[in-house]
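Good morning, colleagues. Please have the sequence and the structure open while I speak, and I shall take you through the model region by region.

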Amino acid sequence: MGGLLSSSVGVGDPRLIAVPVPSPPGKQKPWPKYDYIIVGGGTAGCVLASRLSEDPNTTVLLIEAGKNFQDDVPTKIPYLFANIFRTVRDWDTYTSPQQNLDNRETYWPRGKILGGTSATGASIYHRCSSEGKDFDEWVALGAEGWSQADLNPYFLKAENFHPSPKHPRVNPANHGKYGPMQTGFPSETAPINDYVIEACRENGLKSIDDINVGGQLGVAQLMGTIDPHGRRSSTGAAYLTDEVLKRPNLTVSAEIMIERLVFADTTPPGQSPRVIGVELRTAPNAQLYCTGVNREVILCAGTVGTPQLLMLSGVGPEEDLQKLNIPVVKNLPEVGRNVIDHVSSGPIPFRTKPGLTYDFLRGLISGTLEMLRWRFFGTGPYASMQYSSTALVRSTDTALPYYLDGSAGSPVNDHAAGPGAPDLELLWAPQAVFGHGFPKPSSSTDGLTFSAVALKPESRGRITLKSSSIWDTPLIDPNYLSTESDVNVLVRGVRLLLRIAHTDPVASKLDLKPSNIDPSSPWWPGVADPNRITDREIKEMLRRTAVPAWHPVSSARMGKSPDDSVVEPSLRVHGIAGLRCVDASVFPTQVSGHPCAVVVAMAEKAADMIKASEASGA
Ligand SMILES: Cc1cc2nc3c(=O)[nH]c(=O)nc-3n(C[C@H](O)[C@H](O)[C@H](O)COP(=O)(O)OP(=O)(O)OC[C@H]3O[C@@H](n4cnc5c(N)ncnc54)[C@H](O)[C@@H]3O)c2cc1C
């Protein structure tokens with residue numbers, strides 16, 4: 001590792017932000033001190049670094065384990081997010097064997113780069129709340145102050161929306177204009193997309209003009225976090241601009257791993273243990289360094305990294321920590337528990353007639369020409385999102401064609417956040433996708449790939465330490481499809497997507513060979529007859545094909561009591577002084593959509609809360 005990016009220091013070396021420990025006898029220097037240390041320069045961390053350093057009298061240190069974002073072309077191309085999988089910009093982690101998915105260890109991507117997963121994700125901009133219901137659920141779970149009305153100003157503050165002449169019915173007044181995150185519609189979508197939207201309507205879905213405002217049930221084109229030049233607007237790019245990085249009170253360090261929090265040696269009676277700094281290193285066996293904090297350490301290391309760091313620092317379930325000989329600072333049983341992830345059916349591809357999809361990008365010449373178009377004009381397929389539209393539905397909607405004729409279908413429990421809120425999403429990409437993007441289809445294959453995603457699953461998982469080292473990935477067990485209802489929600493989703501694909505105008509654009517081909521073929525069940533394939537066949541397929549839908553949350557969830565949560569509504573860790581968590585790990589429960597914009601709004605609000613408590617001396 002190594003490499004330091006610093007506006008205030010300017011050169012790369014952890015010695016410039018920290019001191020080695022232990023130091024040679026008699027040479028122990030005092031630790032440098034920052035008012036705030038932000039751990040994890042990801043989606044939330046970059047927002048906080050930028051906002052907290054707006055006050056020139058406040059010193060801020062942001063430390064990221066991954067690389068710098070500047071000049072990194074692959075993370076600027078919205079369409080190619082899957083090309084980032086398993087590269088140096090990704091933690092390249094896997095779940096533990098999932099017993100309901102044929103014991104598969106499923107790939108679990110997460111960004112390891114300044115900007116975090118906002119720099120590596122699919123760039124869908126979604127505020128999630130269906131008429132506020134997602135956040136009503138948060139408040140009901142004890143997250144006082146986190147209602148839709150509380151968050152709305154921060155969605156707007158974060159956003160710089162660029163209206164599109166192709167979407168005249170989207171009212172710019174519902175969007176932010178002066179924020180750092182660039183949002184808008186892609187300049188083009190693949191021709192097949194309009195046919196799918198029309199087929200959705202034929203199946204009873206209504207058209208939605210703006211998925212981020214009001215009711216959401218229906219089919220809509222998605223907005224992206226994409227700037228007017230067709231580049232991905234990650235929080236790294238949006239919030240850590242050159243101007244922000246020039247602030248003398250902001251220090252940003254990349255490629256440095258925080259290993260542990262450091263607590264004060266003694267805790268006065270009646271007070272909570274206080275965080276006084278962090279330990280850091282650039283490689284597993286490299287020199288250990290420490291740096292100190294005046295006010296707060298803010299953990300923004302994500303749904304895996306935040307509970308991992310808490311537990312390694314002695315904050316977590318006592319019995320788990322003791323097994324690894326980690327001294328217990330605070331017994332907080334909920335750390336790492338309650339992980340909720342969206343789960344996907346996995347890609348369901350359909351062979352498509354030529355000229356309607358973006359498969360041609362795999363051709364050397366056509367791909368290169370489109371890359372030049374993106375590079376010089378910021379337009380074309382590469383400036384688009386892979387999932388440019390969505391269908392958000394309720395699995396309990398009796399008007400939608402979920403069942404075999406004459407059947408009541410397999411039962412589901414209704415966990416949607418409210419009557420107008422979805423619990424199921426259909427997404428489609430204008431290209432052939434097999435597995436989790438692997439293996440790659442041949443260059444002559446044209447495809448349209450659907451997936452169904454369960455948005456409000458019952459399954460709850462866990463993050464547990466494997467060892468007492470930050471360099472060992474913890475055990476990630478999302479416990480996918482652990483209830484029959486979760487499986488049945490996806491069964492309904494798969495049958496609905498089959499029906500849509502088999503409906504004109506899209507059906508005539510596909511190569512729907514007669515059914516009953518081998519279920520081990522990647523084209524099955526796309527070619528299966530939606531009026532004949534049984535629920536049982538779909539369930540068997542899901543065990544083989546279901547994959548994470550990349551939205552894990554709630555491993556350090558917010559609530560009122562340490563009995564059922566990890567952080568207070570102020571985002572302070574229960575019973576610890578000088579420590580907050582701000583990232584997807586603190587969501588009280590799952591949202592019914594794509595969470596990145598919610599993480600950004602949450603970080604914006606957290607910055608204001610931290611500034612306010614600083615001003616009041618609280
Ligand atoms: C493939 C994929 C596609 C997605 N697409 C979308 C989408 O289109 N729209 C959407 O809304 N959501 C999407 N998401 C989800 C969304 O991106 C995440 O929910 C969100 O970005 C999480 O933000 P965060 O701040 O919690 O974590 P992150 O952004 O992951 O940030 C955590 C940061 O902490 C760093 N870190 C961790 N441990 C340490 C340590 N010990 N020391 C120093 N640094 C550390 C990490 O490197 C990382 O940069 C996608 C997710 C994935 C994986």
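This is a predicted model: local features need pLDDT of at least 70, side-chain atom pairs count only at pLDDT 80 or more; totals for chains, interfaces and linings use all residues.

The UniProt entry, which is unreviewed, carries a "binding site" annotation on T117, W550 and H551. These positions span 435 residues in sequence, yet no two of their C-alpha atoms are more than 10.2 Å apart, so they gather at one spot.

Where does W550 lie? W550 belongs to the loop between β24 and β25. W550 counts as buried because it has 20 C-beta neighbours inside 10 Å, and the criterion for burial is 20 or more.

H551 lies in that loop too, between β24, residues 547-548, and β25, residues 579-581. With 24 C-beta neighbours inside 10 Å, H551 is likewise classed as buried.

In the unreviewed UniProt entry, "active site" covers H551 and H594. Although the two are spread over 44 residues of sequence, they cluster in space, with a largest C-alpha distance of 7.1 Å. Which residues does H551 touch, leaving out those up to four places away in sequence? They are D341, H342, H594 and P595.

H594, for its part, sits in the loop between β25 and α12. Is H594 buried or exposed? H594 is buried, because 27 other C-beta atoms lie within 10 Å. Apart from residues up to four places away in sequence, H594 touches I124, H126, C128 and H551. The two annotated histidines are therefore in contact with each other, by the criterion of C-beta atoms within 7 Å.

Let me turn to the ligand. How many residues surround the ligand? There are 41, and the closest are G40, G42, G116, G121 and G305. The elements that give two or more residues to this shell are α1 (43-52), β12 (257-263), α7 (302-312) and α12 (596-616). The largest share, four residues, comes from α7. By class, the shell has 19 nonpolar, 18 polar and four charged residues.

Of those elements, α1 deserves a separate word. Helix α1 is mostly covered, with 10 of its 10 residues buried. Among the buried residues of α1 are T43, C46, L48 and R51.

In soluble globular proteins, nonpolar side chains tend to be buried together. Here, the largest nonpolar core has 176 residues, and those with the most contacts inside it are V39, L48 and V582. The largest share of this core, 11 residues, comes from α12. What does L48 touch, not counting residues up to four places away in sequence? The contacts of L48 are I38, I298, C300, V582, A603, A606 and A607.

I now come to strand β14, residues 289-299. This strand is mostly covered, with eight of its 11 residues buried. Strand β2, residues 33-39, pairs with β14 in the parallel sense over six bridges, and the bridge partner of I37 in β14 is V297. β14 also pairs with β25 in the parallel sense, over three bridges. There, V297 has L579 as its bridge partner in β25.

In the antiparallel sense, four bridges join strand β13, residues 275-281, to β14, and L280 stands opposite Y289. Strand β1, residues 19-20, pairs with β14 in the antiparallel sense over two bridges, where V19 stands opposite C290.

My last item is G184, in strand β8, residues 181-184. G184 counts as buried because it has 23 C-beta neighbours inside 10 Å. Leaving aside neighbours within four places in sequence, G184 is in contact with F161, H162, S164, M223, G224 and I226. How far apart are G184 and P273 in space? From C-alpha to C-alpha the separation is 45 Å, and in sequence they are 89 residues apart.

Thank you; I welcome your questions.

Note on methods: Residues are numbered from 1 along each chain as its sequence is written. A residue is near a molecule or strand if its C-beta atom, placed from the backbone, lies within 6 Å of it. Ala, Val, Leu, Ile, Met, Phe, Trp, Tyr, Cys and Pro count as nonpolar, Asp, Glu, Lys and Arg as charged, and the others, Gly among them, as polar. UniProt positions are given in the numbering used here, feature names are shortened, and annotations may be inferred rather than shown by experiment. A residue is buried if 20 or more other C-beta atoms lie within 10 Å of its own, exposed if 12 or fewer, and partly exposed in between; C-beta atoms are placed from the backbone. A nonpolar core is a set of buried Ala, Val, Leu, Ile, Met, Phe, Trp, Tyr and Cys residues joined through C-beta atoms within 7 Å. Two strands pair if DSSP finds at least two bridges between them.
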